[in-house]
Amino acid sequence: MSEKVLLKKTKNISKETPVKIAVAKGDGIGPEIMDATLKILKAAGANIALEFIELGEKAYLSGNTSGIGAKAWEAISKNKIIFKAPITTPQGKGYKSLNVTLRKSLGLFANVRPVAGLSPYVHTHFPNMDVVIIRENEEDLYAGIEHRQTQDVVQCLKLITRPGCERIVRYAFEYARAYGRKKVTCMVKDNIMKLTDGLFHQVFDEIATEYPDIQNGVQIIDIGSARLAAKPENYDVIVTSNLYGDIISDIAAEIGGSVGMAGSANIGKNVSMFEAIHGSAPDIAGKKIANPSGLINAAVMMLAHIGQNEIADKIKNAWLTTLEQGHHTADIYQEGISSRKVNTQEFADAVIDNLDNLPEQLSPSTLAEGKGAIQIPEYHRKSQKKELVGVDVFIDWEGNDPNEIGDALSAIEVYKLKLKMITNRGVKVYPTGHEETYCTDHWRCRFVAVDAEINRKEPVYLPIDFEKVVALLYKLNQEGFDVIKTENLYEFDGKRGFSLGQGE
Ligand code: NAI
Ligand code: MG
């Protein structure tokens, strides 16, 4: 890449109104790395107006169990962009994760984590790795809806929504376009979770067709993670749901050799938050030796997000140059490769000295013309015909012969609702199960209208009124069954909206 292309005409951003940013200096090493990073932002000419807010330890200890007080909330809703150093969550019960609180309260639906190999300056086995993980940030098993249903069984609800999938998948493709990426890979487990992960996959396929300029692919998460760990250079942008994304983004950061170096963005419709991925490192706090790179990279992402791409490139290239020159903090110092062991401030000063330089070995950063935040269109629900065709009744029963409960339930018929099958932990045990199947005290009993051709492979279900379900529950209760919960069985536009039991 020639210098001419890299040092594009500078749009005179200093004439524009500064972008307001709420800055939290955090705890532990937070203030040290934040001061160093803000000094670089100032020297590079970032056009931003800062308002400092208090988050974390002090807020926790002054009685806010979520680590954030009213004043900080006010500043966030005014500023819309949060630049946050790591905070310390005090040990002990009753303190809620501030990150989870911020993500959920502010609708920060996308977590974006780029990881690139910087070998030989930072040790990694994967010098050509350059991956961005885009993780759904609000849904999935992290909705935190859990129940104990019987003595032996607890449950966590996995919630996947169409608007949630559309938002994150579209964000991933828009991100790929905005940042010159070539391919988006979706990771799911829809061979097992056909409805939840199936929806994520389906939405991915639908949206991918709108981006013919970006390659796309889908991988099952287990083999996908294994391949990511073995050959990360084969991946570009990865989009996935919350739990898988949590796991693979840590894998990616770790194999990139740069847990202390990576930045991340939490993107919402109105508010976005930028931070390093590491914590407050209490073991080295106050020693002024922490590596500010994670926060510097977060700042670069923030500048790109607000459309100040040239400043973002300038800082990123100065940072790459500094690493190439071997000015390394203790955590990345390598005998024979590093030229000088620097502290936090010396590292920041070296970056500032390099603000007009481009790296010679590492690929320089060249962001496209600044477009600012990626906009995702509003979700519009399409109307579908929803019909109730049965009910799964979950019963707590301590016996262990499925035929006993099965025969007793088969004798019950309410308004033509009749038992179709029973599963235990998802495996069909009645009628005709396997003796070997282990049964707990948690029985899922499926009732459908009798007229349905119950034994067909894909039965035709008949619509029923909810009244009939209520009557069935009344009857089951009268007969002494311990009903712990129900799930209605619906069809949407004639398509089955529930999974079949294994062996059904
Ligand atoms: P940590 O990331 O703070 O530290 C892990 C290890 O990495 C330590 O040995 C530390 O010295 C080192 N390290 C981390 N960042 C470094 C840097 N910039 N330069 C040089 N070395 C660095 O993780 P840990 O110890 O599990 O957590 C400490 C505190 O941070 C806890 O209170 C935790 O809740 C909080 N935390 C906050 C996060 C946030 O605010 N986003 C994220 C992760 C943890
Ligand atoms: Mg995690």
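**Entry 1: Tyr415**

I looked up Tyr415 and found that its place is in the loop between helix H13 (402-410) and strand S16 (417-424). Helices (H or I, at least four residues) and strands (E, at least two) are DSSP runs, numbered from the N terminus. Tyr415 is not a glycine, yet its phi is positive, at about 45°. I noted for comparison that most residues other than glycine have a negative phi, and most peptide bonds are trans.

**Entry 2: ground rules**

I am reading a predicted model, in which local features need pLDDT of at least 70, side-chain atom pairs count only at pLDDT 80 or more, and totals for chains, interfaces and linings use all residues. Residues are numbered from 1 along each chain as its sequence is written, chains are lettered from A and ligands numbered from 1 in the order in which they are written, and side-chain values use heavy atoms, with hydrogens and water left out.

**Entry 3: confidence**

I checked pLDDT, the predictor's confidence in each residue, from 0 to 100. The protein averages 92, and 94% of the residues score at least 70. Over residues 1-10 the pLDDT stays under 50, and the model has twelve contacts for them beyond four places in sequence. Contact means heavy atoms within 4.5 Å.

I placed Pro431 in the loop between strand S17 (427-430) and strand S18 (442-449).

**Entry 4: H6 and H7**

I followed helix H6 (residues 162-178) to where its axis comes within 9 Å of the axis of helix H7 (residues 196-208), crossing at roughly 45°. Because of that angle, H6 is oblique to H7. Axes are lines fitted to C-alpha atoms, for helices over the stretch in contact, and angles run from 0 to 180 degrees between N-to-C directions. Angles under 35 degrees count as roughly parallel, over 145 as roughly antiparallel, 65 to 115 as roughly perpendicular and the rest as oblique.

Among the residues making the contact are Ile168 and Phe173 of H6 and Leu199 and Phe204 of H7.

**Entry 5: domains**

I listed domain 1 (16-109 + 256-369), domain 2 (130-251) and domain 3 (386-496), with bounds from an automatic or database domain assignment. The centres of domain 1 and domain 2, taken over C-alpha atoms, are 26 Å apart. Their contact takes eleven residues from domain 1 and eleven residues from domain 2.
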